[in-house]
Amino acid sequence: MTAPLRPRRSALYMPGSNARALEKAKTLDVDCLLLDLEDAVAPDAKDLARKQISEAVTAGGYGEREVVIRINGLDGPWGEDDLKAAVAANPDAILVPKVNSPADLQRVAHMLSVHGASGDLKLWAMMETPEAMLNAAAIGACGKDPEVRLACFVMGTNDLAKETRAQLTPGRFAMMPWLMTCVAAARAGGIDILDGVYNAFQDEEGFAAECAEGAQMGMDGKTLIHPKQIAACHEAFSPSEAEVDWARKINDVFDLPENADKGAIQVDGKMVERLHAEMGKRVIAIADAIAARS
Ligand code: COA
Ligand code: MG
């Protein structure tokens, strides 16, 4: 049996050094929390952030929210301590920054078993380097390897812009080939994928447009930097009532005895195949999972 669908419409980053944010997270209507030890935390605050995240995750109180700790890279001075602390705190997942190749994830996965990580602990991968864009298929394929326990890609569009010099403009035309390559790599590996952040968090119109774009691209959700982005993000990444009604309708029509041997039928003037009914089942399952949550 496959695991039940887990809505990952929204994933809010917060610096581990910000105790107020770690506390506030318990009250926010958000699907995932990305508790950051990496780029949102200054070098002088790394130890404090690690301690605060460890204590907060160990104490719990985050309810249904999926709790994810982003560690520093293992090649730097903090990564190994971060990993040990994260394993001990036992969140839902550890987010690995700047993954370049499957070997980077295999190395972390190996350390998880060395440190006795829970079997349920997952790995998420930041996709944010030029190397990762070129190796996306191989990295995504880690989703099929139970030992790596990869469950989700997170697009790191700010790092990608920095490393490639491609610009983040409305519509993101320069990024689009990489974003869509990563969507394909995630699907081929059977994992989820979350879109990058929108930095101008006061710009509601631009943000809503980028959420809609991500949903059209097939992203499962979007990473966020501020609580005020959550509502619009959920709006964009939740199936609408009309989509759910349509999904139920075409499934009902295919279930009729007279359609039992048909592969394609007409519903409301549109050609509908069994693959559309399958897609509809996923829409219904996501809508049910969201409803069960709220
Ligand atoms: N997570 C949780 N709570 C947050 C939050 C976040 N990412 N960002 C802001 N808040 C809270 C604040 O604590 C404040 O709460 P309060 O009024 O109850 O005390 C409230 O939301 C309003 O915050 P505001 O004053 O508008 O923002 P700010 O100027 O304090 O912070 C940022 C702005 C950008 C510094 C902050 O939103 C942030 O740190 N975002 C995440 C950055 C990050 O993690 N980046 C790494 C990945 S890209
Ligand atoms: Mg980054």
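In this predicted model, the second largest pocket has a lining of 27 residues, and those that lie nearest its centre are Phe237, Pro239, Glu243, Arg282 and Val283. The elements that contribute two or more residues to this lining are helix H9 (204–217), helix H10 (230–237), helix H11 (241–255) and helix H12 (274–293). Of these contributions, the largest share comes from H12, which supplies seven residues. The space within the second largest pocket amounts to about 690 Å³.

A separate feature of the model is its metal site, in which the magnesium ion (ligand 2) is coordinated by Glu128 through OE and by Asp159 through OD, at 2.0 to 2.1 Å. Because Glu128 is placed in the loop between strand S5 (122–127) and helix H5 (130–134), while Asp159 belongs to helix H7 (residues 157–164), the pair ties together parts that are 31 residues apart in sequence. The relative accessibility of Glu128 is 1%, and this residue therefore counts as buried, the criterion for which is a value under 20%. Asp159, with a relative accessibility of 13%, likewise counts as buried.

Definitions and conventions: Residues numbered from 1 in each chain as written. Chains lettered and ligands numbered in written order. Predicted model: local features only at pLDDT ≥ 70, side-chain atom pairs only at ≥ 80, totals over all residues. Heavy atoms only, no water. Donors = N, O, S within 2.8 Å, 3.2 Å for Na, K, Ca; no water. Helix = DSSP H or I, 4+ residues; strand = E, 2+ residues; numbered from the N terminus. Buried < 20%, exposed > 50% of the residue type's maximum accessible area, 1.4 Å probe, protein only. 1 Å grid on protein atoms, 1.4 Å probe; cavity = no way out; pocket = protein on both sides within 12 Å on 5 of 7 lines; lining within 4 Å. Points joined across faces, edges and corners; volume = space filled by probe spheres on them.
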